[in-house]
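Welcome, and thanks for opening the viewer. Let's take a short walk together, one selection at a time.

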Amino acid sequence: MTLAQERTLASKVRADFPILHQEIHGKPLIYLDNAATSQKPLAVLNALEDYYRGYNANVHRGVHTLSARATDAYEAARDKVQRFVNAARREEIIYTRNATEAINLVAYAWGNANVQAGDEIILSVMEHHSNLIPWQLLAQRTGAILKFVSLTETEEFDLAHYKSLLSERTKLVAVVHVSNTLGCINPVQEITTLAHQVGAKVLIDACQSVPHMAVDVQAIGCDWLVASGHKMCAPTGIGFLYGKLEVLRAMPPFLGGGEMIADVFLDHSTYADVPHKFEAGTPAIAEAIALGAAVDYLMAIGMDTIHAYEAELTTYLFQRLAELPEVRTYGPKPDANGEGRAALAAFTTGAVHPHDLSTILDQEGIAIRAGHHCTQPLHRLVKAQSTARASLYFYNTREEIDGFIAALKQAIDFFGGIFG
Ligand code: 7TS
């Protein structure tokens, strides 16, 4: 993609995001905290409002017109998510509150029924706490053993170490697709194939991949894949679990209640087929419909276009960061085409504490995140108590990266002057 094309894309989409056009502390907002949550385009905001103004009703329960409209829109959004991740069947998409809930669903429903003392669960050291704690809890309940794939020298997933951990005792492999801290892109297809060879199931945490690149669950071959809507232009409170149909059907329910039943008696019940078996209670109807609108929006731009544009921004971000010798980034460097890592940079500077840096940048209207980004074990491993992180999306521009680098340089110079 040429620079001119890139400018066209950014300037075209920015008009769709009302929130971007404001000042913070008298400076134009530069929003670089997209790994935490993305902003929402008008199409998504309108989908929420249209539902509440025009056809708010509960789903799957009424025969009246509004309920039928709500149900149709809610189920149409499921079809959109199915196409988005190329699932074979619409029933393989379960709505959840977020990725965290989706992982817990699998850990409780599948884990309690299938994992026993001595079984091994392989995770990696870079997992978000959401893909760690549910398995710690499962291990505590069952006596299963957690094993962790370490990092290579370039701070990426160590495939050789992973291979050495796999055995017939491996019951589950649960790994992140794109790390929210290192930005590395893990070879999930190979990870899955190898796990299946020893009879293990595979869960992929795709929170940081599906918003930014085309993800194909059938090509990966995983048993489950989870994501959060709020990182991909949809509202908070909606995410999804993809699961292979036969795997989902074999799992007992997670939460019990309305929606998920077939026949209920006082002493026992039978359950609905998937996906409804895992969607107990009134769901987040407006949010699910808005997730469908977000998918439409992203697919209209094209995931490959988004990915190519972000690769350009990644090249530029790392070029500019390299101008500051005090900055240490984490994870792999992008290759010559900006590929091989995600469009985010977690970093430390010698002089300025990440929290101070975030506060100083906020004064300049620049939103970055500071902290452990819910990857505390990883931070411990790379010997950083916390890092600062700038994370990009397709509506960010080179000019915004320039603004960020200028403010960063100013902060480093200022603190360097005091403490240097
Ligand atoms: N997995 C990964 C890889 C993530 O980056 C996150 C959120 C989650 C799981 C959890 O998502 P949730 O929607 O269920 O909370 N990551 C971040 C982050 O990097 N900064 O804030 C949230």
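Predicted model: local features only at pLDDT ≥ 70, side-chain atom pairs only at ≥ 80, totals over all residues.

Which residue forms a salt bridge with Glu101? Select Arg97: the closest N and O atoms of Arg97 and Glu101 are 3.2 Å apart.

Next, select helix α2, residues 42–54. Both Glu49 and Arg53 sit in helix α2, 4 residues apart, which is about one turn of the helix. Show their side chains and you will find a salt bridge, with the closest N and O atoms 2.5 Å apart. Glu49 is partly exposed, at a relative accessible area of 40%, while Arg53 counts as exposed, at 70%.

**Across the sequence**

Now pick Lys27 and Glu364, another salt-bridged pair, whose closest N and O atoms are 3.1 Å apart. Lys27 belongs to strand β2 (residues 27–28), and Glu364 to the loop between α12 (354–363) and β15 (366–367), so this pair ties together parts that are 337 residues apart in sequence. In total, the structure holds 21 salt bridges.

**Around the ligand**

Select the ligand and the residues around it. There are 17 of these residues, and Thr100, Asp205, Ser228, Arg369 and Arg389 come nearest. The shell divides into 5 nonpolar, 8 polar and 4 charged residues.

- Arg369 has a polar side-chain atom 2.5 Å from a nitrogen atom of the ligand.
- Lys231 has a side-chain N or O atom 2.9 Å from a ligand nitrogen atom.
- His128 has a side-chain N or O atom 3.4 Å from a nitrogen atom of the ligand.

How much of the ligand does the protein bury? Taken alone, the ligand exposes 490 Å², and the protein buries 89% of that.

**A patch on the surface**

For the last stop, select Tyr108, Ile133 and Leu137, and switch to a surface view. These residues form a nonpolar patch on the surface, with about 220 Å² of accessible area together. Ile133 lies in helix α5, residues 133–142, and is partly exposed, with a relative accessible area of 39%.

Notes: Residues numbered from 1 in each chain as written. Heavy atoms only, no water. Patch = residues over 30% accessible without salt bridge, like charges linked within 9 Å, V, L, I, M, F, W, Y side chains within 5 Å. Areas by Shrake-Rupley, 256 points an atom, 1.4 Å probe, with all protein chains shown as cover. Salt bridge = Lys/Arg side-chain N within 4 Å of Asp/Glu carboxyl O. Helix = DSSP H or I, 4+ residues; strand = E, 2+ residues; numbered from the N terminus. Buried < 20%, exposed > 50% of the residue type's maximum accessible area, 1.4 Å probe, protein only. Near = heavy atom within 4 Å. Polar contact = N/O pair within 3.5 Å; in protein donor to acceptor, adjacent residues only side chain to side chain. Nonpolar A, V, L, I, M, F, W, Y, C, P; charged D, E, K, R; others polar.
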